[in-house]
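Subject: A structure for you to look through

Hi there,

Here is the structure I promised to hand over. Please open it beside this email, and then read on for what turned up in it.

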Amino acid sequence: MSAPLASANLLRRQLKAMETDKDMANISAGLVNDNIYEWEVMLMISDDCEFYGGGFFRARLLFPPTYPHNPPTMRFETPIWHPNVYPDGGVCISILHPPGEDQYGYESAGERWLPVHTPESILLSVISMLSSPNDESPANLEAAKMWRENPDEFKKKARRCVRDSLEG
């Protein structure tokens with residue numbers, strides 16, 4: 001079986017599993033234009049999340065044909081202010097970094113992409129990231145600085161993202 005065909009079949013099974021998993025009730029996923037390699041996801045953040053609780057955040061997952069050997073990329077389409085989200089919406093989280101040793105020595109190979117990760121584990125990790133930003137390796141320096149130095153202002157800005165997510 002060719003690699004793209006194998007990855008497409010795996011992604012179909014993983015999407016189907018997510019659709020029936022009761023633990024994934026706050027996450028919705030579907031294909032963009034019937035393309036198995038491009039998913040639109042909706043993260044409905046539980047009220048337990050201090051900063052983003054109650055928000056509905058749309059994002060895209062783009063899978064390479066070499067999945068699961070290489071990670072997808074994830075980008076929020078709903079604007080979100082967060083230390084680990086680039087201003088263009090790109091998500092910066094260890095498990096989405098290419099496999100192998102980090103050239104800068106910041107992450108171990110075990111923290112980076114491994115083929116055992118699934119779309120489900122990625123999305124659950126991103127939801128966890130929303131509650132607990134990693135400000136040591138920020139994608140958005142301004143958000144990380146505000147997170148550290150002015151948490152009240154950070155919370156206000158995050159809550160504004162939640163309000164905006166409900167309107168759009």
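The largest pocket holds about 200 Å³ of space. Please keep in mind that this is a predicted model. Rolling a probe the size of a water molecule over the atoms is a way to see where empty space is left. Around the largest pocket you will find 14 lining residues, and Pro72, Thr73, Met74, Gly90 and Val91 are the ones nearest its centre. Two elements, E3 and E4, each give two or more residues to that lining. The largest share comes from E4, with 3 residues. By type, the lining residues of the largest pocket divide into 9 nonpolar, 3 polar and 2 charged.

Next, have a look at the strands. E3 runs over residues 56-62, with Phe57, Ala59 and Leu61 on its covered face and Phe56, Arg58, Arg60 and Leu62 on its uncovered one. Which strands pair with E3? One is E2 (residues 35-44), which pairs with E3 in the antiparallel sense over 7 bridges. Within that pairing, Leu43 has Phe57 as its bridge partner in E3. The other is E4 (residues 73-76), also antiparallel to E3, over 4 bridges. Here Leu61 has Met74 as its bridge partner in E4. You have met Met74 already, as one of the residues nearest the centre of the largest pocket.

Met74 turns up again in the largest nonpolar core, which has 43 residues. Together with Trp39, Tyr52, Phe76 and Val126, Met74 touches the most other members of this core. Leaving aside residues up to four places away in sequence, Tyr52 touches Ile45, Phe57, Ile80, Trp81, His82, Leu130, Phe154, Ala158, Arg159 and Val162.

Now go to Ser165, which lies in helix H4. Is Ser165 buried or exposed? Ser165 counts as buried because its relative accessibility is 8%, and the cut-off for buried is under 20%. Not counting residues up to four places away in sequence, Ser165 touches Gly55, Phe56, Phe57 and Thr78. Another pair to find is Ser165 and Gly54: they are 111 residues apart along the chain, yet their C-alpha atoms are separated by 9.2 Å.

Finally, a few backbone details. Most residues other than glycine have a negative phi, and most peptide bonds are trans. Where does this chain depart from that pattern? The peptide bond from Tyr67 to Pro68 is cis, with omega near 10°, and Pro68 sits in the loop between E3 and E4. Asn33 is not a glycine, but has a positive phi of about 50°. Asp34 is not a glycine either, and has a positive phi of about 60°. You can find Asn33 in the loop between E1 and E2, and Asp34 is in the loop between E1 and E2 as well. Asn33 is exposed, with a relative accessible area of 73%, and Asp34 is exposed too, at 73%.

Happy exploring!

Best wishes

Key. Residues numbered from 1 in each chain as written. Predicted model: local features only at pLDDT ≥ 70, side-chain atom pairs only at ≥ 80, totals over all residues. Heavy atoms only, no water. Buried < 20%, exposed > 50% of the residue type's maximum accessible area, 1.4 Å probe, protein only. Pairing = 2+ DSSP bridges. 1 Å grid on protein atoms, 1.4 Å probe; cavity = no way out; pocket = protein on both sides within 12 Å on 5 of 7 lines; lining within 4 Å. Points joined across faces, edges and corners; volume = space filled by probe spheres on them. Nonpolar A, V, L, I, M, F, W, Y, C, P; charged D, E, K, R; others polar. Core = buried A, V, L, I, M, F, W, Y, C linked by side-chain atoms within 4.5 Å. Contact = heavy atoms within 4.5 Å.
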